[in-house]
Amino acid sequence: METVLSGIRPTGNLHLGNYFGAVKSFVQMQYEYNCYFFIADWHSLTTHPHPENIRNSVKTILAEYLACGIDPEKATIYVQSDVREVAELYLYLNMNAYLGELERVTSFKDKVRSQPDNVNAGLLTYPCLMAADIIIHRAAKVPVGKDQEQNMEMARKFARRFNQIYGVDYFPEPASYSFSDKAVKIPGLDGSGKMGKSEGNAIYLIDDEKTIKKKVMRAVTDSGPTEPNAEKPEPIANLFTMMEIVSDKSTYDHFNELYNTCQIRYGDMKKQLAEDINLFCAPIRERILELLKDEEHLQKVSLLGAEKARENASKTLRDVREIIGFKSDY
Ligand code: AMP
Ligand code: TRP
């Protein structure tokens with residue numbers, strides 16, 4: 001069975017973009033693949049979070065993952081910092097990664113520009129840690145959005161390089177993976193672009209009914225179509241995309257027909273959309289709140305995940321140490 005792995009940094013709550021772009025695929029894949037999902041808390045240290053913030057956001061994101069349907073009996077769900085083997089592999093990969101290639105990574109260059117006072121070595125070697133995350137489980141498929149393509153290229157390069165340097169065929173080259181044939185992009189409802197936490201336009205799985213309604217009613221629209229079957233401008237197309245994803249087909253068809261016959265009232269459409277988003281989120285939200293209360297269960301899940309992940313990671317590390325020329329029996 002092929003191994004699938006993905007991670008997410010604990011830097012806020014899960015939103016509808018995360019769910020439909022990534023988490024939904026995990027949930028479906030856990031039944032067909034050997035799946036590892038982890039919370040990338042070491043990666044989040046590049047921004048120097050407060051210890052209390054780390055504890056809380058790791059706990060929240062774990063509860064949210066579970067609430068979405070990730071089954072800890074099927075998939076291995078763990079916290080990165082619980083699997084110290086990853087740090088050792090990161091050290092080895094750092095020895096074969098070069099300053100020039102790391103400095104050329106676009107997300108690093110962006111950070112140099114946006115936060116010149118905090119260009120730490122962790123940011124520079126982010127792709128090495130991400131490669132270690134992936135190849136420690138010798139993963140073949142990595143479900144990620146388009147924004148991670150360059151990091152994925154680096155992971156393939158480091159896996160290949162290790163094999164070449166030591167004359168082995170040990171690490172497979174991990175491929176990016178999208179469950180549907182085209183990558184899903186959940187739009188923002190503020191006119192253009194995608195939904196995201198940094199874009200400030202996200203609807204979170206934990207948002208209550210009132211908050212959802214407020215956010216949806218604020219969505220940008222225009223004065224309506226003036227001729228039948230007109231093409232939809234981006235803000236309107238975004239509303240329809242959201243509706244296509246969360247509502248019944250008949251609801252979507254109904255409003256689409258009203259649009260095509262110039263009878264649409266966006267207020268009605270938004271009310272319906274808010275209701276349908278709430279219907280979708282409500283059971284997940286309830287589960288999140290339940291799970292957050294059950295600290296013991298969350299601890300059990302992360303302990304079980306850490307055990308399973310460490311077992312596999314230490315196997316890899318034993319091989320790697322031997323390949324490099326170290327004692328492997330530790
Ligand atoms: P982020 O929240 O940006 O750290 O992303 C975590 C995961 O969710 C990544 O795999 C992203 O590609 C995915 N993701 C985030 N926002 C969206 C969106 N608006 N549409 C689709 N996928 C998304
Ligand atoms: N870089 C990813 C992001 O910002 C998170 C991540 C870290 C990851 N390590 C990974 C994703 C390994 C997939 C596989 O979203």
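Reply: In this predicted model, the shell around ligand 2 comprises 7 nonpolar, 4 polar and 2 charged residues. In total, 13 residues surround the ligand, and the closest of them are R9, Y126, M130, D133 and Q148.

As to where these residues come from, helix α8 (126–135) and strand β1 (3–8) each contribute at least two residues to the shell around ligand 2. The largest share, 4 residues, is supplied by α8.

For Y126, a polar side-chain atom lies 2.7 Å from a nitrogen atom of ligand 2. In the side chain of D133, an N or O atom is 2.8 Å from a nitrogen atom of ligand 2. The side chain of Q148 likewise has an N or O atom at 2.9 Å from a nitrogen atom of the ligand. As for exposure, ligand 2 taken alone exposes 370 Å², of which the protein buries 92%.

A separate feature of the model concerns the pair of helices α13 and α14. The axes of α13 (residues 266–293) and α14 (residues 295–324) come within 5 Å and cross at roughly 90°; α13 is therefore roughly perpendicular to α14. On the α13 side, the contact is made by L291, L292 and K293, and on the α14 side by E295, H297 and L298. The residues of this contact divide into 3 nonpolar, 1 polar and 2 charged.

Terms used. Residues are numbered from 1 along each chain as its sequence is written. Chains are lettered from A and ligands numbered from 1 in the order in which they are written. This is a predicted model: local features need pLDDT of at least 70, side-chain atom pairs count only at pLDDT 80 or more; totals for chains, interfaces and linings use all residues. Side-chain values use heavy atoms; hydrogens and water are left out. Axes are lines fitted to C-alpha atoms, for helices over the stretch in contact, and angles run from 0 to 180 degrees between N-to-C directions. Angles under 35 degrees count as roughly parallel, over 145 as roughly antiparallel, 65 to 115 as roughly perpendicular and the rest as oblique. Contact means heavy atoms within 4.5 Å. Ala, Val, Leu, Ile, Met, Phe, Trp, Tyr, Cys and Pro count as nonpolar, Asp, Glu, Lys and Arg as charged, and the others, Gly among them, as polar. A residue is near a molecule or strand if one of its heavy atoms lies within 4 Å of it. A polar contact is a pair of N or O atoms within 3.5 Å; within protein, one must be able to donate a hydrogen and the other to accept it, and residues adjacent in sequence count only if both atoms are side-chain atoms. Accessible areas come from the Shrake-Rupley method with a 1.4 Å probe; for residues, only the protein chains shown count as cover.
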